Amino acid sequence: MYKTILCAIEASPEGSRVLTKASKLAKCFGSKLIVINVLPYTLLPKDYQKTLREDISPKIEKIAAPFAISQKNCLIKVGKPYEIICKEAAKKEADLIVIGTHSKKGLHSAIGSTATGVSNHAKCDVTLLRI
């Protein structure tokens, strides 16, 4: 059903939980699993963005390691998170995006989130996991 799953995570325990569930889905469907982390720091100088990428990369790789996800399938990007996630999903021909979401109510839900942006703009299926 799903050939390629793109899992968007943060370098956090929550990111690890999201990846655990995405990995289970990938095993069920025999899917390729790609991990992406997006740093929302586009206004910073390019050299500082590079430093941030270099700092986060080992953390993401450490989270991905137990799931045998190769380094080439761990993407670190800089930009507007929902746009980059949707763009990479299309580029990698992902059939499914898996992303964690915090349950927000009231004013916070009206402002929006990465998960909301992805679910509204993705060209493929999206699974939101409550974290």
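Is Lys-50 buried or exposed? Lys-50 counts as exposed, at 52% relative accessibility. The views below come from a predicted model.

View 1. Lys-50 is exposed, because its 52% relative accessibility is over the 50% cut-off. Glu-54 counts as partly exposed, at 47%. Side chains of opposite charge can pair when their charged atoms come close. A search of the whole structure finds 2 salt bridges. The other view of such a pair follows.

**View 2. Lys-77 and Glu-88 meet in a salt bridge through their side chains.** The N to O distance is 3.8 Å. This pair links distant parts of the chain. Lys-77 belongs to strand S3, and Glu-88 belongs to helix H3, residues 81-91. They stand 11 residues apart. Lys-77 counts as partly exposed, at 26% relative accessibility. Glu-88 is buried, with a relative accessible area of 5%.

View 3. Tyr-2 and Phe-29 form an edge-to-face aromatic pair. The structure holds 1 aromatic pair. Its members are Tyr-2 and Phe-29, 5.1 Å centre to centre, with 85° between the planes. The pair counts as edge-to-face because the angle of 85° is over the 60 degrees required. Tyr-2 sits in the segment before strand S1 (4-8), and Phe-29 sits in helix H1 (residues 13-29). The pair therefore links distant parts of the chain, 27 residues apart. Five lysines gather in a patch of positive charge on the surface. The patch is made of Lys-32, Lys-72, Lys-87, Lys-91 and Lys-92. One of these, Lys-72, is found in the loop between helix H2 (46-64) and strand S3 (74-78). Lys-72 counts as exposed, at 66% relative accessibility.

**View 4. Ala-68 has a positive phi in the loop between H2 and S3.** Phi of Ala-68 is near 55°. The value is positive in a residue other than glycine. The loop that holds Ala-68 runs between H2 and S3. Is Ala-68 buried or exposed? Ala-68 counts as exposed, at 72% relative accessibility.

**View 5. Glu-93 has a positive phi in the loop between H3 and strand S4.** Phi of Glu-93 is near 55°. Glu-93 is a residue other than glycine, and its phi is positive. Strand S4 spans 96-101, and Glu-93 lies in the loop between H3 and this strand. Glu-93 is exposed, with a relative accessible area of 63%.

**View 6. Strand S2 holds Val-38 and Leu-39.** Strand S2 covers residues 32-39. Leu-39 counts as buried, at 9% relative accessibility. From Leu-39 to Glu-10 the C-alpha to C-alpha distance is 9.1 Å. Leu-39 and Glu-10 are 29 residues apart in sequence. Val-38 also has its place in strand S2. Val-38 counts as buried, at 12% relative accessibility. How far apart are the C-alpha atoms of Val-38 and Ala-8? They are separated by 8.0 Å. Val-38 and Ala-8 are 30 residues apart along the chain.

**View 7. Ser-119 of helix H5 is shown with Tyr-82.** Helix H5 takes in residues 114-121, with Ser-119 among them. Ser-119 is partly exposed, with a relative accessible area of 35%. The C-alpha atoms of Ser-119 and Tyr-82 are 8.7 Å apart in space. In sequence, Ser-119 and Tyr-82 are 37 residues apart.

Terms used
Residues are numbered from 1 along each chain as its sequence is written. This is a predicted model: local features need pLDDT of at least 70, side-chain atom pairs count only at pLDDT 80 or more; totals for chains, interfaces and linings use all residues. Side-chain values use heavy atoms; hydrogens and water are left out. Rings of Phe, Tyr and Trp (its six-membered ring) pair if their centres lie within 6.5 Å; planes under 30 degrees apart count as stacked, over 60 as edge-to-face and the rest as tilted. Helices (H or I, at least four residues) and strands (E, at least two) are DSSP runs, numbered from the N terminus. Patches are made of residues with over 30% relative accessible area and no salt bridge: like charges are joined within 9 Å, nonpolar side chains (Val, Leu, Ile, Met, Phe, Trp, Tyr) within 5 Å. Accessible areas come from the Shrake-Rupley method with a 1.4 Å probe; for residues, only the protein chains shown count as cover. A salt bridge is a side-chain nitrogen of Lys or Arg within 4 Å of a carboxyl oxygen of Asp or Glu. Lys and Arg count as positive and Asp and Glu as negative; His and the chain ends are not counted. The place of a charge is taken as NZ of Lys, CZ of Arg, CG of Asp or CD of Glu. Buried means under 20% relative accessible area, exposed over 50%, partly exposed in between (1.4 Å probe, protein chains only).
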